[in-house]
Amino acid sequence: MKVAIDEDKCCGAGQCVLIAPEVFDQRDDDGIVILLEPEPGADQHAAVRESAAVCPAFAIEVTEEA
């Protein structure tokens, strides 16, 4: 799995940070989400998928690897 954030879409709501704090964080200056781990381990996959599903700005892109 690979994860990307579209910073132009991100509204800084932060739900992803609450769901997967090992993968996502927010910048202090503007609240925009940043990636801590662009290729999260298998133990984080469910949380990353949930984060993408609840993102109000649809700013999280998840690519499943075959």
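The lining of the largest cavity is made up of 11 nonpolar, four polar and no charged residues; here Ala, Val, Leu, Ile, Met, Phe, Trp, Tyr, Cys and Pro count as nonpolar, Asp, Glu, Lys and Arg as charged, and the others, Gly among them, as polar. A cavity is a set of points on a 1 Å grid over the protein atoms alone where a 1.4 Å probe fits but cannot get out, and its lining residues have an atom within 4 Å of a point. The count comes to one cavity of 30 Å³ or more, with a volume of about 80 Å³, taken as the space filled by probe spheres set on the points. Cys10, Gly14, Cys16, Val33 and Cys55 are the closest to its centre among the 15 lining residues.

This is a predicted model: local features need pLDDT of at least 70, side-chain atom pairs count only at pLDDT 80 or more, and totals for chains, interfaces and linings use all residues. Residues are numbered from 1 along each chain as its sequence is written, and side-chain values use heavy atoms, leaving out hydrogens and water.

Now turn to helix 2, residues 45–54 (a DSSP run of H or I, at least four residues). His45, Ala47, Val48, Ser51 and Ala52 are its buried residues (under 20% relative accessible area, 1.4 Å probe, protein chains only). Ala46 and Ala53, on the face turned away, are exposed (over 50%).

His45 counts as buried because its relative accessibility is 17%. Its side chain reaches the backbone oxygen of Pro40 at 3.1 Å, a polar contact (a pair of N or O atoms within 3.5 Å, one able to donate a hydrogen and the other to accept it).

Definitions and conventions. Helices (H or I, at least four residues) and strands (E, at least two) are DSSP runs, numbered from the N terminus. On a 1 Å grid over the protein atoms alone, a cavity is a set of points where a 1.4 Å probe fits but cannot get out, and a pocket is an open set with protein on both sides within 12 Å along at least five of seven lines; lining residues have an atom within 4 Å of a point.
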